[in-house]
Amino acid sequence: MGLEQKLGNMGVVTTSLEQAVGWARSNAIWPMLFGLACCAIEMMSTQASNYDMSRFGMELMRASPRQSDLMIVAGRVSRKMAPVLRNLYDQMPDPKWVIAMGDCASCGGVFNNYAVVQGVDEIVPVDVYVAGCPPRPEALIDGILKLQDKIKKEPLTKWQ
Amino acid sequence: MTVAEPQFQIEESPQNTVTASDTQLDITLDQLKKLVSPRALTGDTMLLNMGPQHPSTHGVLRLLLELDGETVISCVPDIGFLHTGIEKTHEGKNYTKGIVLTDRIDYLAPLICNLAYVGAVEKLVGVDVPIRAQYIRVILAELTRMNSHLVWLGTHALDIGAMSMFLYTFREREMLLDIFELVSGARMMTSYFRVGGLWRDVPDHFVDAVRNILKVFPQRLLDYEKLLRENPLWKERTVGVGVIGREDAIAYGMTGPSLRGSGVNYDVRKAMPYSSYDHFDFSVPLGSTGDVYDRYRCRMDEFYQSLKIIEQALDRLPNGPIVTDNRKVAPPPKHEIAYSMESLIHHFKLWTEGFHAPEGEVYHAVESGKGEFGVFISSDGGPKPRRVHFRAPSLCNLQALPHMSKGALIADIVGIVGSVDIVLGEVDR
Ligand code: SF4
């Protein structure tokens with residue numbers, strides 16, 4: 001049974017365009033299939049059987065940045081990886097969002113040294129930070145729900 | 001003409017900031033000539049980049065492939081995208097704090113990395129570990145090996161196209177993670193082993209929880225075997241692919257299941273027993289031809305051996321202390337501090353400065369899920385090591401990748417990379 005059959009009985013639904021677009025965007029996020037380190041394993045757990053991220057409308061992980069609109073930076077970003085990561089971000093089409101998953105991506109974590117970028121927000125704009133080393137799958141899901149709330153409230157003019 | 005600087009160098013901009021324009025890798029023509037065959041220069045063959053963002057390279061590995069149609073002429077791995085500086089960071093941490101960093105080397109088998117590191121420090125300082133702690137270490141190390149193999153099996157099968165394996169193995173993996181959480185409070189980054197023993201004793205229902213795993217796993221393993229073992233599609237993609245012979249495997253310094261797939265009987269648990277592995281009866285599964293299928297079989301058979309070891313260790317698990325009573329390296333129990341001045345001093349000293357290790361060098365190896373994981377520590381007599389080096393099995397095994405993939409089809413590269421079972425955290429450290 002599709003939505004249109006239900007709507008047929010309801011008659012007309014009125015909403016603002018902004019709300020409708022925000023609702024649609026927030027429930028069909030395509031994350032990029034892209035893992036860096038330990039946190040990526042927890043990200044895989046989040047997609048796998050027990051936690052099942054597809055419940056939140058994001059079962060479709062795309063390996064290509066051109067087809068995705070969410071980048072989950074899962075793990076530590078080394079100085080060698082940083083330009084690659086920025087390049088991937090630049091290739092994603094608008095609108096796009098970034099989740100910094102884990103302490104390393106948020107602030108460098110336990111690795112306060114020459115090799116690790118001290119927080120991925122040095123190179124890409126981050127929307128949601130998820131703390132933990134690694135964050136539990138529940139924490140990542142919470143971060144995703146927070147991002148969905150944020151997307152719903154975003155003005156349409158932001159991505160012109 | 002010799003080229004002194006390393007290949008694939010990224011030019012650091014003077015301000016040490018990274019911008020999108022830095023992405024162009026600086027490879028001179030001379031450097032390229034050494035890596036690929038002469039045919040590439042005439043345009044006869046094609047150069048293709050795979051990674052670092054590729055779902056089947058198991059992290060951030062970059063491969064430079066030279067292709068003649070579908071056939072791989074040469075394969076050049078480019079590593080370092082996950083270089084974390086763990087070895088250097090160790091020089092600024094005392095021996096207790098160093099344990100935390102070892103979790104993050106091979107993050108699929110954190111407890112085995114802990115075991116290697118504390119083993120090396122124990123050797124350096126010369127402390128004995130109580131037998132109960134050793135047995136618990138063995139149980140947890142074997143569970144960790146199963147954890148590592150489960151992730152390998154799921155992702156390897158996923159790469160080749162058997163998607164459902166991934167969902168099953170990650171379901172079982174959660175059971176193992178629950179045990180780690182039970183003993184240490186963390187799912188992945190456990191840091192549970194301490195110099196001289198364990199952080200704390202296992203909870204009462206630990207034994208029942210592990211017995212439950214012993215009960216459930218044989219059935220689950222049978223499911224895996226039904227899905228893959230005789231599956232014609234699976235065999236088509238794995239038998240005779242990525243072959244490496246006995247001598248070559250040894251020459252490349254391969255260890256672990258990747259080496260044993262070629263029929264070499266070398267397992268650190270047998271060759272240099274540690275943590276009382278010599279008390280247990282188990283065999284080392286061996287392959288014969290050294291192809292992807294044989295390496296798959298070796299790892300699958302290791303599941304059964306791990307279960308066997310765990311069962312024996314549980315049956316014989318003794319009671320007693322879980323940490324050495326050498327107060328110089330292990331903190332005294334909390335209640336002692338209330339009435340013993342000496343304990344208070346030890347406690348204070350251990351948590352501020354840490355213990356001093358004697359001057360010297362030590363190497364300690366364990367068998368991780370990937371092979372011989374070794375820790376080398378050089379000490380100058382202070383509370384912090386002068387130098388720590390890790391012998392990462394994934395790095396040595398990865399060296400053999402160009403050899404294995406020569407002449408393979410491009411679609412088989414993902415299968416071969418998967419069968420070597422690398423984890424980039426360990427390759428780059
Ligand atoms: S936050 Fe922790 S688990 Fe995540 S990448 Fe960093 S060290 Fe690994």
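Student: What makes β6(B) and β7(B) a hairpin, and which residue in the turn has a positive phi?

Tutor: Bear in mind that this is a predicted model. β6(B) and β7(B) form a hairpin with 4 residues between them. In the turn, B:Gly371 has a positive phi of about 150 degrees.

Student: How do you know that strand β6 (residues 360-367) of chain B and strand β7 (residues 372-379) of chain B pair?

Tutor: Count the bridges: there are 8 of them, in the antiparallel sense. Pairing asks for at least two bridges, so these strands count as paired.

Student: Why are β6 and β8 (387-391) of chain B called edge strands?

Tutor: The order in this open sheet is β6-β7-β8 (chain B), with antiparallel pairing. β6 and β8 of chain B each pair on one side only, and that makes them the edge strands. On average, neighbouring strands here are turned by 15 degrees against each other, direction ignored.

Student: What makes you say that helix α4 (residues 110-125) of chain B packs on that sheet?

Tutor: The helix touches β6 and β7 of chain B. As for direction, α4 of chain B makes about 150 degrees with β6(B).

Student: Let's move to chain A. How many helices and strands does its secondary structure come to?

Tutor: Chain A has 6 helices and 3 strands. Read from the N terminus, its elements go α-α-α-β-α-β-α-β-α. The C-alpha atoms of this chain fill a box of roughly 60 × 40 × 25 Å along the principal axes.

Student: What is the order of the strands in the sheet of chain A, and is the pairing parallel or antiparallel?

Tutor: The order is β1-β2-β3 (chain A), the sheet is open and the pairing is parallel. Its edge strands are β1 (70-74) and β3 (128-130) of chain A, each pairing on one side only. Neighbouring strands are turned by 15 degrees against each other on average, direction ignored.

Student: How do you know that β1(A) and strand β2 (residues 97-101) of chain A pair?

Tutor: They share 5 bridges in the parallel sense. At least two bridges are needed, so this counts as a pair.

Student: Now the ligand. Where does it lie, and which residues come nearest?

Tutor: The ligand lies between chains A and B. Of the 14 residues around it, A:Cys38, A:Cys39, A:Gly75, A:Cys104 and A:Cys133 come nearest. A residue is counted as near if one of its heavy atoms lies within 4 Å. The elements giving two or more residues to this shell are α3 (38-47) and α5 (102-107) of chain A, and α5(A) provides the largest share, 3 residues.

Student: How do the residues of that shell divide?

Tutor: There are 8 nonpolar, 3 polar and 3 charged residues in the shell. As for the space the ligand takes, that is the largest cavity.

Student: Which residues does a cis peptide bond join around A:Pro134?

Tutor: The bond joins A:Cys133 and A:Pro134, with omega about -10 degrees. A:Pro134 is in the loop between β3 and α6 (137-153) of chain A. Another cis peptide bond joins A:Asp94 and A:Pro95, with omega about -10 degrees. A:Pro95 belongs to the loop between α4 (82-91) and β2 of chain A.

Student: And what is said about phi of B:Ser275?

Tutor: Phi of B:Ser275 is near 45 degrees, a positive value in a residue other than glycine. Look for B:Ser275 in the loop between α11 (268-271) and α12 (292-315) of chain B.

Key:
Residues are numbered from 1 along each chain as its sequence is written. Chains are lettered from A and ligands numbered from 1 in the order in which they are written. This is a predicted model: local features need pLDDT of at least 70, side-chain atom pairs count only at pLDDT 80 or more; totals for chains, interfaces and linings use all residues. Side-chain values use heavy atoms; hydrogens and water are left out. On a 1 Å grid over the protein atoms alone, a cavity is a set of points where a 1.4 Å probe fits but cannot get out, and a pocket is an open set with protein on both sides within 12 Å along at least five of seven lines; lining residues have an atom within 4 Å of a point. A molecule sits in a cavity or pocket if more than half of its atoms lie within 2 Å of its grid points. Ala, Val, Leu, Ile, Met, Phe, Trp, Tyr, Cys and Pro count as nonpolar, Asp, Glu, Lys and Arg as charged, and the others, Gly among them, as polar. Axes are lines fitted to C-alpha atoms, for helices over the stretch in contact, and angles run from 0 to 180 degrees between N-to-C directions. Contact means heavy atoms within 4.5 Å.
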